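Subject: A structure for you to look at

Hi there,

Here is the structure I promised to pass on to you. Please open it first, and then read my notes below.

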Amino acid sequence: MNSTFELDNNPHTRLNILTGEWVLVSPHRTKRPWQGKVEDLTPDNRPEYDLKCYLCPGNGRADGDTNPDYKESFVFNNDFAALLSDTPDGGLNEDNLLVANNQKGICRVISFSPKHNLTLPEMSIDGITAVVEVWQNEFNKLAEQEWIKYIQIFENKGEIMGCSNPHPHGQIWSQSDIPLEIVKETGRQKTHFAVHRRSLLGDYLKLELKKAERIVFENDHFVALVPFWAVWPYEVMVISKRHINSIKLFTSTEKRALAETIKVVTTKYDNLFETSFPYSAGMHQAPVNNGDYPEWHWHMHFYPPLLRSASVKKFMVGYEMLANPQRDITPEFAANRLREMSTVHYKTSKAEN
């Protein structure tokens with residue numbers, strides 16, 4: 001390789017070791033002027049209670065049920081679920097050209113807090129720990145259904161990420177087949193484990209901690225970093241230091257440490273552009289009721305779209321849709337920006353001043 005090549009200046013591709021896919025990095029493009037789409041900012045002045053919100057305590061929902069007067073988190077079956085538990089068996093296959101399979105599932109919604117205006121970075125560590133407890137409990141209950149093979153815990157935050165209700169909430173989709181991203185990550189982790197008898201992410205994390213170029217936050221049990229192959233501008237991955245394959249195995253100490261990590265990451269996000277930072281985030285963990293998966297290592301992805309400011313987002317279009325993902329700012333630049341951000345939420349700092 002040319003000795004003058006520099007990752008922070010020259011176009012190059014990076015391998016996503018979890019999926020085997022590549023991302024094009026073009027750091028020289030950060031100097032280009034921007035005359036494209038600027039998003040309208042959503043006012044961040046919601047009340048604690050909204051009479052019209054179907055997630056607030058005591059309010060009616062679309063299916064006619066009434067929410068209880070809950071004090072912490074509230075969980076219910078999605079009124080407009082993408083997957084249904086009573087889907088009949090069946091499918092279609094015409095000459096291996098028109099192929100479809102039935103898909104069963106259970107979709108749950110979790111309201112993180114009774115307060116309509118309280119996002120995760122503005123919750124206490126105790127409050128987020130209670131959410132992690134709910135995640136674990138729901139995972140365990142759903143895993144008792146033998147026909148369920150995978151459980152996806154996730155959150156879409158903000159209108160820009162397609163969130164249909166501003167009340168802070170997340171979802172859990174469980175289904176009878178293993179989804180594509182999990183199939184890809186399973187294959188890559190299994191190959192590494194078969195050769196080394198160690199976790200792929202465990203080895204990756206050891207190297208990242210040694211280099212300390214992309215680390216955003218670390219405590220005794222988790223590391224938050226911008227992955228070497230990050231696609232989204234300020235993408236973050238949280239990896240458990242202990243090689244465990246699902247949230248089912250988290251101890252009480254680990255659950256609180258995860259809550260701290262989530263609070264730090266999301267607070268830094270909000271502080272970056274002093275806005276309620278949008279993202280899609282979710283855990284990747286081993287399938288259930290389908291073997292032991294010793295190669296699997298629990299991790300959590302944060303995919304935020306904002307690029308240059310609170311009103312300029314990254315678009316996945318053209319080359320990204322037709323070839324492979326591309327980014328301008330390097331993961332190292334993004335990690336450094338996030339590291340610099342305070343762990344005290346900007347609203348708290350302004351209130352104190």
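How many salt bridges does a search of the whole structure find? The search finds 21, where a salt bridge is a side-chain nitrogen of Lys or Arg within 4 Å of a carboxyl oxygen of Asp or Glu. Side chains of opposite charge can pair when their charged atoms come close.

Before the details, a word on how to read them. This is a predicted model, in which local features need pLDDT of at least 70, side-chain atom pairs count only at pLDDT 80 or more, and totals for chains, interfaces and linings use all residues. Residues are numbered from 1 along each chain as its sequence is written, and side-chain values use heavy atoms, with hydrogens and water left out.

Let's start with some of the salt bridges. Asp79 and Arg61 pair through their side chains, N to O at 3.0 Å. This pair links distant parts of the chain, 18 residues apart: Asp79 sits in the loop between β3 (74-77) and β4, and Arg61 in the loop between β2 (22-25) and β3. Helices (H or I, at least four residues) and strands (E, at least two) are DSSP runs, numbered from the N terminus. Arg61 is buried at 10% relative accessibility, while Asp79 is partly exposed at 22%. Here buried means under 20% relative accessible area, exposed over 50%, and partly exposed in between (1.4 Å probe, protein chains only).

Another salt bridge joins Asp126 and Arg256, with their closest N and O atoms 2.5 Å apart. Asp126 belongs to helix α1 (residues 125-143) and Arg256 to helix α4 (residues 252-273), 130 residues apart. Asp126 is exposed at 51%, and Arg256 is partly exposed at 39%.

Glu320 and Lys314 also form a salt bridge, at 2.8 Å from N to O, and both residues are buried. Salt bridges with shared partners join Arg14, Glu208, Glu213, Arg214 and Glu332 into one network.

Next, have a look at the backbone. Asp95, in the loop between β4 (91-94) and β5 (98-101), has a positive phi near 60 degrees although it is not a glycine. Asp95 is exposed, with a relative accessible area of 70%. Asn289 is another non-glycine residue with a positive phi, about 55 degrees, and lies in the loop between β12 (279-284) and β13 (299-303).

Enjoy exploring!

Best wishes
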